[in-house]
Amino acid sequence: MDMNEKPKVEEKVEEQKPQEVPEVEAPKLPDTKEGKLVAELLEKAPYAEGNVRRERRVEFKVPADRIKEFLELASEKFEMLIQISVVDWLKEGEFELVYQLWSVSESVHAFVRTRIPRENAKMPTVMDIWPVAETYEREAHEFFGIVFEGNPRLGPFILEPREHEKHPLRKDFNMIGYVKTIYGEDFDRYDESKTNYVI
Amino acid sequence: MSNLEVPKELKTEAKAHDMYLHPIDKDTYELFFGPQHMATENFSIILKMDGNRIERAIVNPGFLHRGFEKLAEQRPYFTNIALLLRICVPESDVPENIYSMAVDEIVGWEVPERAQWIRTVVLEMARMSAWMFWIMGFGNEIGLYTAGQWAAAYRERFMRLFEELTGGRVYHIYTVPGGVRRDIPGDRWLRQLRDTVEYIKGKMKDFDEILFDNYITFERTEGVGVMDKRFALKHAVTGPNLRAVGVPYDVRKDDPYLLYPELEFEVPVLKEGDSLARVLVRRYEMEQDLYILEQLLDMGPPSGPYMVKDARLKALPRFKPPRGDAYAHVESTKGDFGAYVVSDGTHKPYRVHVRGPSQSHGVTVLEELLKGARLADVPVILKTLDNCPPDIDR
């Protein structure tokens with residue numbers, strides 16, 4: 001980690017925390033198709049939290065150990081897994097996984113959020129629910145180092161073999177340091193003392 | 001079998017050069033298709049062949065990886081536009097738009113009507129020029145080069161219009177959060193656009209004769225690369241590929257954005273799910289896009305500003321949206337193109353995750369569809385799926 005950048009990242013994440021708490025603790029569901037959809041799912045899965053964000057956008061928060069159970073339930077209404085986004089909250093030491101689902105029949109987009117610790121990040125695979133998850137999980141494994149148990153194809157995917165197991169999209173990946181080791185003297189025109197480099 | 005084994009010195013030589021020689025038996029052999037092959041567009045597929053039939057296909061992406069998502073975390077919000085639009089080259093306005101729409105949602109900006117009109121026109125023009133690009137690729141793959149050359153020439157008309165509007169031919173850097181970067185040049189530009197639409201509408205008949213209604217196209221695509229509805233939904237196939245299996249899902253109808261709720265257009269659906277259905281769905285969509293452009297031109301650009309009025313826009317590099325996240329998606333010619341942007345309150349995005357449509361239909365689906373196909377079908381399946389490698393690599 002570049003010493004110049006580290007305090008900045010910590011600052012950012014610290015501010016994030018107080019904002020999230022009131023957002024979740026307001027489970028007032030409107031009387032729309034989105035509200036009914038959320039209420040229906042929460043009835044079957046009381047361990048999850050859900051709310052309606054706006055028209056055609058709903059949101060769920062699920063504990064990591066029950067994510068598979070929840071997604072299995074959700075897959076009845078939400079036919080498509082659009083993508084699995086990973087956000088690295090460095091200060092909190094957590095990865096946030098956002099399973100983004102789309103319901104073709106209801107035209108509703110759902111964020112299913114879950115948080116897992118950064119150390120030894122492990123998740124069950126959802127390949128058996130949506131086979132397309134294989135690709136997304138391979139990507140998340142390669143860029144963040146999350147192990148999806150049950151996915152047989154975790155390995156070099158997009159990156160070159162020399163970059164494998166380096167997990168470049170983690171916030172503590174030292175990008176400039178890595179580029180320096182690879183390109184050496186060609187990289188000398190960059191000044192280390194500058195903090196906010198736009199490459 | 002002993003006589004087929006690779007000689008030892010060849011093995012050591014290969015290892016010294018960081019290569020591996022896979023043992024092969026009498027009938028099957030390994031074939032590297034791409035990244036140099038023209039049909040694949042810098043994409044590589046490793047094929048296990050049994051004679052002329054494909055036994056197994058392994059997708060090998062990564063030749064276009066440029067680390068845009070990591071770079072986007074190091075740049076201010078507005079600078080990212082010039083970076084992210086390079087994800088999908090034939091349709092570079094789509095990444096601009098989804099990123100801008102996601103940032104708009106985080107900030108809470110309501111884009112002015114004039115900007116919405118311009119954005120819709122730009123998106124539809126991008127779709128038309130991307131269709132022309134696709135005809136070029138597909139025509140060339142099945143040997144109908146004339147269609148491809150015509151399409152390349154017609155695409156040039158849109159390029160010229162784009163150049164006058166934005167200053168760039170391929171990369172436009174035009175749609176920015178809060179509106180568009182500058183106003184439309186004037187009535188002459190609108191007249192030129194109408195002329196182009198009329199012109200290409202007249203040329204669709206020629207395309208039918210030479211490409212879509214052609215014996216060769218039917219012969220090469222019918223019954224090739226068939227998928228069913230359940231398979232397509234489970235694999236998150238979107239766009240024309242999904243509509244070719246009978247699911248009428250179109251982001252413009254199901255999750256309307258910009259001016260699309262006010263426009264009339266149809267979503268063409270076919271049921272066969274083979275390559276021919278995918279080709280024909282695209283042909284019908286071209287007609288719908290021309291129809292949409294006509295409607296937009298009849299509507300005319302609404303008066304008003306083309307950018308939101310916000311004091312924060314005066315110091316662009318230090319522009320800070322509030323904390324939050326948003327997902328925006330639009331219908332591109334490849335499918336459902338989306339961007340997930342997370343803001344932590346600083347002047348750079350905390351995370352940008354782009355969902356390229358080829359990510360879902362270009363890896364597992366392609367591998368499945370290639371199983372049992374002939375070698376000559378590989379470019380046909382690739383092109384009818386409209387696989388765009390930078391969507392996967394980013």
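User: How far apart are the closest N and O atoms of B:Asp104 and B:Arg119?

Analyst: This is a predicted model. B:Asp104 sits in helix α4 (residues 93-107) of chain B and B:Arg119 in helix α5 of chain B, so the pair links distant parts of the chain, 15 residues apart. Both B:Asp104 and B:Arg119 are buried. They form a salt bridge, and the closest N and O atoms lie at 3.3 Å.

User: Which helix of chain B holds B:Ser129, and is that residue buried or exposed?

Analyst: B:Ser129 belongs to helix α5 (residues 113-141) of chain B. Its relative accessibility is 1%. Buried means under 20%, so B:Ser129 counts as buried.

User: Which backbone oxygen does the side chain of B:Ser129 reach?

Analyst: Beyond its neighbours within four places in sequence, B:Ser129 is in contact with residues including B:Pro90, B:Arg155 and B:Phe162. Its side chain also reaches a backbone oxygen at 3.1 Å. That oxygen belongs to B:Ala126.

User: What pattern does chain A follow along the sequence?

Analyst: Chain A has five helices and seven strands. Of its 199 residues, 50% count as buried. Read along the sequence, the pattern is α-α-β-β-α-β-β-β-β-α-β-α.

User: How many residues apart in sequence are the parts tied together by A:Glu40 and A:Lys77?

Analyst: The side chains of A:Glu40 and A:Lys77 meet in a salt bridge at 4.0 Å, N to O. A:Glu40 lies in helix α2 (residues 33-44) of chain A, while A:Lys77 lies in the loop between α3 (67-74) and β3 of chain A. A:Glu40 is partly exposed at 38%, and A:Lys77 is partly exposed at 27%. The parts they tie together are 37 residues apart.

User: How much area do chain A and chain B bury between them?

Analyst: The size of an interface is often given as the accessible area lost when the parts come together. Here the contact takes 55 residues from chain A and 51 residues from chain B. Of the buried area, 53% is on carbon and sulfur atoms. The total is about 4,500 Å².

User: Which element supplies the largest share of the side of chain A that touches chain B?

Analyst: Across the interface of chain A and chain B there are 21 residue pairs in polar contact, both at pLDDT 80 or more. Elements of chain A that each supply at least two residues of the side touching chain B include α1 (6-24), β1 (49-54) and β3 (80-89). The largest share is ten residues, and it comes from β3(A).

User: Which residue of chain B forms a salt bridge with A:Arg53?

Analyst: Eight salt bridges are found across the interface of chain A and chain B. A:Arg53 forms a salt bridge at 2.9 Å with B:Asp325. A:Arg53 lies in strand β1 of chain A and its partner in strand β6 (residues 324-331) of chain B, so the pair joins two chains.

User: Are the rings of B:Tyr260 and B:Phe265 stacked or edge-to-face?

Analyst: The structure holds 16 aromatic pairs over all chains. In this one, the ring centres of B:Tyr260 and B:Phe265 are 6.1 Å apart. Both B:Tyr260 and B:Phe265 are buried. Their planes stand at 70 degrees, over the 60 that is needed, so the pair is edge-to-face.

Key: Residues numbered from 1 in each chain as written. Chains lettered and ligands numbered in written order. Heavy atoms only, no water. Contact = heavy atoms within 4.5 Å. Buried area = accessible area lost by both parts, 1.4 Å probe. Polar contact = N/O pair within 3.5 Å; in protein donor to acceptor, adjacent residues only side chain to side chain. Helix = DSSP H or I, 4+ residues; strand = E, 2+ residues; numbered from the N terminus. Phe/Tyr/Trp six-rings, centres within 6.5 Å; stacked < 30°, edge-to-face > 60°. Buried < 20%, exposed > 50% of the residue type's maximum accessible area, 1.4 Å probe, protein only.
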